[in-house]
Amino acid sequence: MSERRQAIMIDSQDNVATAIQNLAQGSLVHTERGEITILNEIPFGHKFALRDMAVGDYVFKYGAAIGRATQPIRQGDHVHVHNVEDITDEVRKEV
Amino acid sequence: MTTFMGYRRADGRVGVRNHVAVVSTVFCCASVAQRIAQATGAVAITHEGGCLELGPDREHTEQVLRGAVAHPNVGAVLVVGLSCEQVQAEEIARAAVGKPAHSLLVRDEGGTERAIERGIERVRELMEQVADAPREPIGVDELILATQCGSSDTSSGLASNPAVGVLADKLLAAGGAVFLGETGSLYGAAGLMARRAVTPEVGQRILDITDAVERFYARMGKSLREANPTPGNIAGGLTTLVEKSLGGVRKGGTAPIQGVLGPAEQLPVGKKGLWIMDTSLGLGMHIATDLVVGGAQVLVYTTGRGNPVGSALAPTIKITATPETIGALGCNMDFDASPVLVDGESLEACGQRLWEKLLRVASGELTKAEQLGHTMFAVGRVPV
């Protein structure tokens, strides 16, 4: 029996998963990385952390760095524009 | 080797359709070509180009028209011209090597209505000539798959594009080829894509083509970098431009990038693997047309909110993972990827279903756009 999945992890290297339902604060979500307690409400399509991150740590999705943490992030935290900065220019320069 | 049923053409390439194409050389005879196509069931290959096109812009238009008539999905061709234009009907007809081809000029025929009558006769003759062309078993290593997305929403980057990526990786593992275009959309992922390139030169080309688009916008005081992600994207959960671009390029899969083709440049015979095509400032069907003329026989097109249009030259498999779109635009969708989001289907299993769909479509199963007649051919301008 398959139950409706709550979050999707695209690549095994990712440190975030994306909610595919609205996830309530306090809910326990099953992911490929185990059970994660959601610390803030995560709307459909938004990301939450699969593990703790320090300021300056890279956020990984699609198996690649998509941004950098600007605040400390705890496992289960909402990961979005309030705590992540874009790294487009850095990614282009590094080649 | 997995096979599909395809048409072997005189130039050695393989097609998945046997279209009779009615092509117009310039905008002034497009309606004549369309009327001939409508009356006979042939495919109209029309565009809005005209005689003021110069330089790379004109070269691109001619390259697209020549590439369209030579395309392996086309079995026979009628080219309609006016008589005074720069792009000569006879020349375009000659590009249809190894297949029956005619041209006619509206002026020589004595006006539009006579040209339409004559054109209908000609097309019916051509249809009879190619009606019995046989399909034969062809290895999937001869498939070139074009990929595109449009009207994307959150589901596109989470389910549809990754599922197409699984499909792309399967085709590449079987020895086929895959095209990834939409140059502007690559911008945030360009550095990462460059690192996947087989040589530093290819990597540099990837950066150059995306830079060129950003520079074009800069001249107008705009910026891809600053405009993305959009407020709508952010509300939907996209945090950075890198994330947005990666969600798009995921549909090309994870393989190394063999090279970068120019707009509508044909993949050299014998070349395989994942290729990026610079579709420059092309939009929507400009992109689809360029990718198909480059040699792709099938277009896989992911959509979130849904749009119904497909390529006139190549069957277009419309994929969505948004259940509301299956509801609202169900008659226009070919593949439902929503089980990935709703039922816990793995991306692997979804990609396998899509692979089976691809083989059926390549072997003749009609897509919704083909069945319902919502196909389009469009030529983009190449910026001065």
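Here are some exercises with worked solutions on the two-chain structure above.

This is a predicted model, in which local features need pLDDT of at least 70, side-chain atom pairs count only at pLDDT 80 or more, and totals for chains, interfaces and linings use all residues. Residues are numbered from 1 along each chain as its sequence is written, chains are lettered from A and ligands numbered from 1 in the order in which they are written, and side-chain values use heavy atoms, with hydrogens and water left out.

**Exercise 1. Describe the interface of chain B and chain A.**

Step 1: start with contacts, meaning heavy atoms within 4.5 Å. On the chain B side 37 residues take part, and they are in contact with 31 residues of chain A.

Step 2: turn to area. The size of an interface is often given as the accessible area lost when the parts come together. Here the buried area (the accessible area, with a 1.4 Å probe, that two parts lose on being put together, summed over both) is about 2,800 Å². Carbon and sulfur atoms give 58% of that area.

Step 3: look at charges. Side chains of opposite charge can pair when their charged atoms come close. With a salt bridge taken as a side-chain nitrogen of Lys or Arg within 4 Å of a carboxyl oxygen of Asp or Glu, the interface of chain B and chain A has six. Over all chains, the whole structure has 23 salt bridges.

**Exercise 2. Find the partners of A:Arg92.**

Step 1: The side chain of A:Arg92 meets that of B:Asp211 in a salt bridge, at 2.8 Å from N to O. The pair crosses between chains, from helix α8 (residues 200–219) of chain B, which holds B:Asp211, to helix α1 (residues 88–93) of chain A, which holds A:Arg92. Helices here are DSSP runs of H or I with at least four residues, strands are E runs with at least two, and both are numbered from the N terminus.

Step 2: check accessibility, where buried means under 20% relative accessible area, exposed over 50% and partly exposed in between (1.4 Å probe, protein chains only). A:Arg92 is buried at 10%, while B:Asp211 is partly exposed at 28%.

Step 3: Within chain B, the charged end of B:Lys318 sits over the ring of B:Tyr301, at 4.2 Å from its centre.

**Exercise 3. Explain what the salt bridge of B:Arg8 and B:Glu142 joins.**

Step 1: the two side chains meet at 2.9 Å, N to O.

Step 2: B:Arg8 lies in strand β1 (residues 3–8) of chain B and B:Glu142 in the loop between β7 (136–139) and β8 (144–150), so the pair ties together parts that are 134 residues apart in sequence.

Step 3: B:Arg8 is partly exposed at 37% relative accessible area, and B:Glu142 is partly exposed at 26%.

**Exercise 4. Work out how helix α11 of chain B is placed.**

Step 1: eight of the nine residues of helix α11 (residues 241–249) are buried, so the helix is largely enclosed by the rest of the structure. Among them are B:Glu243, B:Leu246 and B:Gly247.

Step 2: B:Glu243 is linked with A:Lys47 and A:Lys61 in a network of salt bridges.

Step 3: leaving aside neighbours within four places in sequence, B:Leu246 is in contact with residues of chain A, including A:Lys61, A:Tyr62 and A:Ile66, and with B:Ala189 and B:Leu192.

Step 4: B:Leu246 is also one of the residues with the most contacts inside the largest nonpolar core, which has 71 residues. Such a core is a set of buried Ala, Val, Leu, Ile, Met, Phe, Trp, Tyr and Cys residues joined through side-chain atoms within 4.5 Å.

Conventions
Lys NZ or Arg CZ within 6 Å of the ring centre and 35° of its normal.
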